[in-house]
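Please read it with the structure open.

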Amino acid sequence: MRRPSPTGRPTGGRPPRPRPEQAEQLGFEGMPERLFVCTPSKLGAYADCPRRYRYSYVDRPAPPKGPPWAHNSLGASVHTALKNWYALAPDRRRPEALGTLLKGTWVREGYRDDEQERDAFRRALAWLESYVAGLDPADEPVGVERVVAVKTGVLAFNGRADRIDSRPGPDGRPELVIVDYKTGRTGLDTDDARGSQALALYAYAAERVFRRPCRRVELHHLPTGTVAAHEHTAESLHRQLTRAEETARDIMAAERAVADGTDPDEAFPTTPGPRCGWCDYRRTCPTGAQTPGKEPWSAVERPADPISGLD
């Protein structure tokens, strides 16, 4: 039989729970640091400009963005049309199906006027028809708009790959290939494919999700019909992963600094440059506001147009 304590409560048994402030003081020694949850765009935002990262992911409520960009609308429309093309039965994957698919996915925001939008639609349809003419309709990718995810000691990474193919490797065994569609006006080369952190992270994650080698990454530039490719090694993928982890550590350190009272502008400085003219937050950022802004539709203008000098 338990003896009553001086407070009238029984002694023995479970010890009393510590008050909240006691629990905080006790801490959790040996617990691993929280992982940084990220996507390629999240890492890229900080690498491009820490201030833009802060406006996008830290400040709440987030500052208002500028108007939508026509080139983003164009790219999203083309990507979705290709996704839906692969969703068709193989015997229906014909170039003539693309007009309906593109019309059904078309995003109208950002264009200067109806004439420019119609011109962009015709160009996009021509790109798509030329592109799928070089594809085998019977080929089934391993994934289309497929999310791949992986955890490391620092990152909890996830990203959506445009397409993941399976092709014979050097030894004849099937290997995975990361395919990324591009619709910008500027052509791409092997340096772009080799230097893309996003493609490398997709490959690293896909190799672990599907338990099959994934070293080749490709940028498919639809306007020119060209492919920029790079064959990674285990070492080069690891280097890109290390870069991503270093960026994540920098971000977490900046977020902790703000939580501890550091001026957010100091913790997340600006990186002034040509990108400022294209930034969604140019009007909010004191540094970006000093840079002339681009028109929402300027990136889809044909080079011969008089207004192309804005680019």
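Two strands count as paired if DSSP finds at least two bridges between them. Strand S1 (residues 36-38) and S3 have three bridges and run parallel, so they meet that cut-off. The model is predicted.

**Strands around S3**

- In the parallel pairing of S1 with S3, Phe36 stands opposite Leu155 of S3.
- Strand S2 (residues 143-151) pairs with S3 in the antiparallel sense, over eight bridges.
- The hairpin formed by S2 and S3 has three residues between its strands.
- Five residues lie between S3 and S4 in their hairpin, and Gly172 in the turn has a positive phi of about 90°.
- Arg163 turns up in this pairing too, where it stands opposite Val179 in S4.
- In a regular strand, side chains alternate between the two faces of the sheet.

- Strand S5 (residues 214-221) and strand S6 (residues 226-231) run antiparallel and are joined by six bridges.
- Val217 has His230 in S6 as its bridge partner.
- Four residues separate S5 from S6 in the hairpin, and the turn includes Gly225, with a positive phi of about 70°.

**Backbone geometry**

- Most residues other than glycine have a negative phi, and most peptide bonds are trans.
- Glu145 is not a glycine, yet has a positive phi, near 50°.
- Glu145 is placed in strand S2 and has a relative accessible area of 18%, so it counts as buried; the cut-off for buried is under 20%.
- Arg211, also not a glycine, has a positive phi of about 55°.
- Arg211 sits in the loop between helix H8 (197-210) and S5, and its relative accessibility of 75% makes it exposed.
- A cis peptide bond, with omega near 0°, leads from Arg60 to Pro61.
- Pro61 belongs to the loop between H3 and helix H4 (70-87).

**Aromatic pairs**

- The count of aromatic pairs comes to eleven.
- Why is the pair of Tyr53 and Phe268 stacked? The ring planes stand at 15° with the centres 6.1 Å apart, and planes under 30 degrees apart count as stacked.
- Tyr53 in helix H3 (residues 50-58) and Phe268 in the segment after helix H10 (264-267) are 215 residues apart, so this pair links distant parts of the chain.
- Both partners are buried: Tyr53 has 0% relative accessibility, and Phe268 has a relative accessible area of 0%.
- Tyr131 and Tyr181 form an edge-to-face pair, at 5.8 Å centre to centre and with 85° between the planes.
- Because Tyr131 lies in helix H6 (residues 114-133) and Tyr181 in strand S4 (residues 174-182), the pair ties together parts 50 residues apart in sequence.
- Tyr131 counts as buried at 13% relative accessibility, as does Tyr181 at 3%.
- Ring pairs link Tyr46, Tyr53, Tyr57 and Phe268 into a cluster.

**Charges over rings**

- Arg112 places its charged end over the ring of Trp297, 5.4 Å from the ring centre.
- The charged end of Arg208 lies over the ring of Tyr204, 3.6 Å from its centre.

**The second largest pocket**

- The second largest pocket holds about 150 Å³ of space.
- Which element gives the largest share of the lining of this pocket? Strand S3 (residues 155-168) does, with four residues.
- The lining divides into six charged, three nonpolar and two polar residues.
- Lining residues include Arg163, Asp165, Ser166 and Arg167, and among the others are Tyr86, Asp136, Asp139 and Glu140.

Notes
Residues numbered from 1 in each chain as written. Predicted model: local features only at pLDDT ≥ 70, side-chain atom pairs only at ≥ 80, totals over all residues. Heavy atoms only, no water. 1 Å grid on protein atoms, 1.4 Å probe; cavity = no way out; pocket = protein on both sides within 12 Å on 5 of 7 lines; lining within 4 Å. Points joined across faces, edges and corners; volume = space filled by probe spheres on them. Helix = DSSP H or I, 4+ residues; strand = E, 2+ residues; numbered from the N terminus. Nonpolar A, V, L, I, M, F, W, Y, C, P; charged D, E, K, R; others polar. Phe/Tyr/Trp six-rings, centres within 6.5 Å; stacked < 30°, edge-to-face > 60°. Buried < 20%, exposed > 50% of the residue type's maximum accessible area, 1.4 Å probe, protein only. Lys NZ or Arg CZ within 6 Å of the ring centre and 35° of its normal.
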